[in-house]
Amino acid sequence: MAERKIKKSVDKASLDMMEKAARDGVTTAFDRAGEMSQCAIGAAGSCCKNCGMGPCRVLGVKGEEEAARGICGATAETIAARNFIRMVAGGAAAHSDHGRGVAELFLAAAKGKAPGYTIRDEQKLLQLALEWGVEIGERSNQEIAVDIGEIALAEFGKQEGEIRFLSRAPLKRQELWRREGVAPRGIDREIVEIMHRTHIGVDQDYHSLLKQGVRAAIGDGWGGSMIATELQDILFGTPAPVLGRVNLGVLKKDEVNLVIHGHEPLLSEVIVAVAQDPEMVSLAKAKGAKGINLSGICCTANEILMRHGVPLAGNFLQQELALVTGAVDAMVVDIQCIMQSLPDIAQCYHTKIITTSPKARIPGALHIEFDEHNALEGAKAIVRTAIENFPNRGNNIDIPKEQTDMVVGFSHETINYLLGGLFRASYRPLNDNIINGRIRGVAGVVGCNNPRTTHDSDHTSMVKELIKNDVLVIQTGCSAMAAAKLGLMTPEAAAKYAGEGLASVCETVGIPPVLHLGSCVDNSRILMAATAMVKDGGLGDDISDLPVAGAAPEWMSEKAISIGQYFVASGVFTVFGVTWPTLGSDEVTKHLFTDFEAAYGGIWAFEPDPIKAAHLMISHIDKKRKALGIDKARERVLYDMEMRRELESV
Ligand code: NFS
C-alpha cells in the first residue's frame, strides 16, 4: 500500500478509529485515497469523455504527448469549461432536487396528505405569502400553504421570466444579472441547458459556457437551495440558538445508537419524534438498552442539530469511522454524500445500513422506502430495526471519548434578533461594528472534507486565522462541524481565539465568534444575511461592496462548486483549497480568477494553504473596507487598543 505523505486528520477521535479500522481489517476512504493516485489530467479538467470518440486528453503530463485538441476539435479551453460547468450542473441538480422534494412534501402536507407534518413557522409562511402575492385574508394556513407549495414547485419547471427569489437580492445585483444575461428562467431549465451545451459539438466558446454555469448556479443558490431552506423552516421550524455536541464521543455504549446520514430532513424529522415515543423507548429497554440515542452525519445531521439539538457524530469523512466504533446499531441514509463502502464495513460489525430514497439505493443495504404519506410507519420500522439489532452487538466496541459542546442555530432571522433584539430586529449592530472596525468583515467558510488533504485541518486553521484577525466567521456543512469539534462554536471561544475587536462584540452579544448556519442548502441563509447587511445601509449598495469573503478549503463535491459559483455570481470573493478543476486551461482559469470580477464583482481563487487563503480573504475584506472609506476606523480601533495596552502595562 502506498504511504500517504500527509497526516490523515487533526481529529483524535478519527485517528483512533482509523487505527481500529486497520486492526479490524477495514478499509476506509483515507486508505483508498492513499492507494489511488489522482489523475493529473482529469483533476485539471483536461479529459473530455462526453462522446464515444474519446476520452480525449488535452494536457501533456508525465511524458504524454500534448494534444492541442480533442478528436472533435474541442480546445483545452472548451474542455475545461465544459467539465467545470458540468460540475455546476451536478451540484445545482442535487441541491435543487432536494428543494423539489421538500416542495412536494410541503404541498402534500398542506393538502392533508402527509400525516405527521404540519406548519411550524406560521410567521414565515405569512411572510412568504406576502412576498409571493398569495392571498392571506381569512384563509387558513393550510389553504395559503397549498398556494405556496404550488408556486414553489412551479419554480423548478418554469420556462420563461425569472425565478422569484431573485427579487430578494439587492436591486443593483438584480440589474447586473439581467445585464449579463444570467438571470435564471427556471431552476431545471438552466441545468438541462448546461447538459445540452456541453454535448459534443454545441457550445464551444468558454466565455459562453461559463456564463451558463453562472446562470445555473444562481438558480441553485437563489432558487433550489433557497426554496429548500425556506420551506423546511416553515414545515420544521426556523432554527434558533440551541446547545449541541459533536464528534464520535456522542455515541453511547449502553443505548441503541441510530445514526442519521444524508441531506433531506424530511424523514429524519419524523425519526426524531418516533425515537422519543414511549413505546419505542420501552422496546429498547426490553432489549437491554438504556434508551435510544440519535446522532447524525453530514447535512441531515446539521438540519436536526439546528432544530432539535440532536448531536453530530461527525462530518463526511467520519461516516465510515462511526461504523468502526462497533456501536452503531443502524445507520439510516437518504441522499447525497453517502459512501458505497458503508454496507461492506457494516458487515465487519453488526450495523444495519438502511437506505430510504428511491434515488439512492446501495447494494447490500436494507431498503425501507420513505413514503411521505406514511412517514410515521416508515420511521417506526427504521427505529425498530435499530432497536432489534442492539443485542447483536459484538465485543469489538470502542467509542472515542471526544465530544465538544457547541451553540448552534444561527439562522439569518436569529442573527437579526440576537443583534437587534426581538422588537427592533436588525443587522444595524453588525453593520455598525463593521463600520467602526471592531469587526473587520464577515467570512463564509463552508464545504466538505477531502481525504486529499488533512481531515479538518484546513477548515480549522483557516477559521482560527480569520477570527484572530477580527473576521466574524459564518459556517455551514462539514466545515462547520470541523470548527465545532475544536470548540470554536462556544461563546467562550471568543476570548480564547478571536481578535480583541471581534471578541468584544461577541462577549457583548453573547455569541460565538463562529456561527453555525446549518446545512449546505442553508448557504442560501448566507445570501440572505449578506443582502440584509446591504439593505441595512452604510456598507455600499450591493453584496460586492461588502467586506465579506467565502471559502471551501476542503471541498470535494460538485455541490461545493455550484455553491462557490453562486457566491461569486452574487459578488463574493471565493477561495477554494485542495485542488482546482480548470488548471488545464490558463485562459479558463484566468477568466474565472480575474475577468469575472469586472462582470460580477466577485471572483474565484485557488489557494491550498489555508493560512495563505485566509489572508487572501482578509486582503479582499481590507480592499472593500478601503473602497467604502471605513479603513481608517479600524486603524483607530487598533490604535485605541494599543493605547489601552500601554496604559495597562504602566
Ligand atoms: Ni455539502 Fe452536506 Fe459535507 Fe460536502 Fe457533503 S455533507 S451538502 S457536499 S461533504 S459539505
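**Entry 1. Helix α23**

I began with helix α23 (residues 558-569), whose 12 residues reach 17 Å from the first C-alpha to the last, close to the 16 Å expected at 1.5 Å a residue. I took the expected span as 1.5 Å times one less than the number of residues. Helices (H or I, at least four residues) and strands (E, at least two) are DSSP runs, numbered from the N terminus.

The model is predicted: local features need pLDDT of at least 70, side-chain atom pairs count only at pLDDT 80 or more, and totals for chains, interfaces and linings use all residues. Residues are numbered from 1 along each chain as its sequence is written, and side-chain values use heavy atoms, with hydrogens and water left out.

I then looked up burial, where buried means under 20% relative accessible area, exposed over 50%, and partly exposed in between (1.4 Å probe, protein chains only). In α23, 11 of the 12 residues are buried, so the helix is largely enclosed by the rest of the structure. The buried residues include Lys 559, Gln 565, Tyr 566 and Phe 567. Gly 571 follows α23 and has a positive phi, near 105°.

**Entry 2. Helix α18**

I checked helix α18 (residues 457-468) in the same way. At 1.5 Å a residue its 12 residues should span 16 Å, and its end C-alpha atoms are 16 Å apart, which agrees. Nine of the 12 residues of α18 are buried, so this helix is also largely enclosed by the rest of the structure. Among the buried residues I noted Asp 458, His 459, Glu 465 and Leu 466. Asp 470 follows α18, with a positive phi near 65°.

**Entry 3. Ligand shell**

Which residues are around the ligand? I counted a residue as near if one of its heavy atoms lies within 4 Å of the molecule. The list is His 263, Cys 298, Cys 299, Phe 316, Cys 337, Gly 447, Cys 448, Cys 478, Cys 520, Met 556, Ser 557 and Lys 559. The shell divides into eight nonpolar, three polar and one charged residue. Here Ala, Val, Leu, Ile, Met, Phe, Trp, Tyr, Cys and Pro count as nonpolar, Asp, Glu, Lys and Arg as charged, and the others, Gly among them, as polar. Domain 2 (248-392) and domain 3 (410-628) each supply at least three residues of the shell.

I looked at two cysteines of the shell in turn. Cys 298 is found in helix α12 (residues 298-308) and has a positive phi of about 60° although it is not a glycine. At 1% relative accessibility, Cys 298 counts as buried. Cys 337 lies in the loop between β7 (330-333) and α14 (342-348), and its phi is near 65°, a positive value in a residue other than glycine. With a relative accessible area of 21%, Cys 337 is partly exposed.

**Entry 4. Domains**

I recorded domain 1 (76-236), domain 2 (248-392) and domain 3 (410-628); the bounds come from an automatic or database domain assignment. The C-alpha centres of domain 1 and domain 3 lie 23 Å apart. Their contact (heavy atoms within 4.5 Å) takes 42 residues from domain 1 and 41 residues from domain 3. The two domains bury about 3,300 Å² between them, 65% of it on carbon and sulfur atoms. This buried area is the accessible area (1.4 Å probe) that two parts lose on being put together, summed over both. Phe 84, Met 87 and Arg 173 supply 20% of the area that domain 1 buries against domain 3, more than any other three residues.

**Entry 5. Cis peptide bond**

I found that the peptide bond from Gly 54 to Pro 55 is cis, with omega near 5°. Pro 55 lies in the loop between β1 (47-48) and β2 (56-57).
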